[in-house]
Amino acid sequence: MTRIAFLDVDGTILEHGSVIAPSTVAAVRRARENGHLVWLCTGRSAGDIHPDVLAIGFDGAITNGGAYATRGEEPHDGALIVDHPMPRADVEAVERYFEAHGIHYFLQTHGGVYASPGMGPVMSAYRRERHEKRAAELEAQGLPPEQPLWREPRPVSEVDRDAVAKAVFVSPSTDTVTHAAAELGDGFHVIPGSIPLPGGSNGEIGQAGVTKGSAITEVLALLDIDAADAIGIGDSWNDVEMFEVVGTPVAMGNAVPELQQLAGRVTTAVLDDGVHNAFAELGLL
């Protein structure tokens, strides 16, 4: 029986930075050799997926948290089979909210990431502090040092606001996710983000109804695959809707307990052979 697995990237394939467990690479390739389909399912833009992840080889990719999807191994070059950018008026409303509250942000399109003027310094400081901490942790685990990929984002002044899929924000306030959801209204999907900041809050804002789950439903219909034969593996709040639509949801061991409970099935952590162990348990290997 052919099955299809949808894999989140950060915290599932890629430890936040650039480290991938060798067993993850082997598991994805073996599953595909065995006739199963393996798709990426990420909140990242197609143009912002680490090349080491793409080099593993996948059958397709859902990107930008469900706004876009392409078939084949080159998600940034393939023809779009899911194409749901935010309405321009919504993009402008989100930007007005950020600017009114002094919040730094990225806007994501299919091809790239665009930063507000204050986002660069904030992320540079975060990356520097995190890199120093992770260097010691990885050495203690006998793992190679991470090689973070950082493509300097273009300024938001250059973005095509008719092609924006979602926004990612970093706020000094701890309650911005709740506040943004209340102020922007039901037309928006506001969730906690996956950047492990030392303080404040991080989140994502897209249009209501456009999620990883909605994109998976479209992809399954196109491929004529039953949801019962679909597996979804993730660790973040943007994976909730994925867990809701696949027959076999799996939370990573590094996911917060609430997400593990939602999924019901839990594998080990990202660098503890989590994807491999899930694939083995589910018979894909």
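## Aromatic pairs

Y97, F98, Y105 and F169 are linked into a cluster by ring pairs. Rings of Phe, Tyr and Trp (its six-membered ring) are paired if their centres lie within 6.5 Å; planes under 30 degrees apart are stacked, those over 60 are edge-to-face, and the rest are tilted. The search of the whole structure gives 4 aromatic pairs.

One of these is F6 with W39: the ring centres are 6.3 Å apart and the planes stand at 55°, so the pair is tilted. F6 belongs to strand β1 (residues 4-7) and W39 to strand β4 (residues 37-41), so the contact ties together parts 33 residues apart in sequence. Helices (H or I, at least four residues) and strands (E, at least two) are DSSP runs, numbered from the N terminus. F6 and W39 are both buried, where buried means under 20% relative accessible area, exposed over 50%, and partly exposed in between (1.4 Å probe, protein chains only).

The rings of F98 and F169 have centres 5.8 Å apart and planes at 50°, so this pair is tilted. F98 sits in helix α3 (residues 88-100) and F169 in strand β11 (residues 166-171), so the pair ties together parts 71 residues apart in sequence. F98 and F169 are both buried.

## Salt bridges

There are 13 salt bridges in the structure, each a side-chain nitrogen of Lys or Arg within 4 Å of a carboxyl oxygen of Asp or Glu. Within helix α1 (residues 22-33), R30 and E33 are 3 residues apart, about one turn of the helix. Their closest N and O atoms are 3.6 Å apart. R30 is partly exposed at 43% relative accessibility, and E33 is exposed at 62%.

D162 and R88 form a salt bridge with their closest N and O atoms 3.3 Å apart. D162 lies in the loop between β10 (154-155) and β11, and R88 in helix α3, so the pair ties together parts 74 residues apart in sequence. D162 is partly exposed at 46%, and R88 is partly exposed at 37%.

K166 and E204 meet in a salt bridge of 3.0 Å, N to O. This pair links distant parts of the chain, with K166 in strand β11 and E204 in strand β13 (residues 201-207), 38 residues apart. K166 is buried at 4% relative accessible area, and E204 is buried at 10%. Elsewhere, salt bridges with shared partners join D8, K212 and D239 into one network.

## Basis of the values

Residues are numbered from 1 along each chain as its sequence is written, and side-chain values use heavy atoms, with hydrogens and water left out. In this predicted model, local features need pLDDT of at least 70 and side-chain atom pairs count only at pLDDT 80 or more, while totals for chains, interfaces and linings use all residues.
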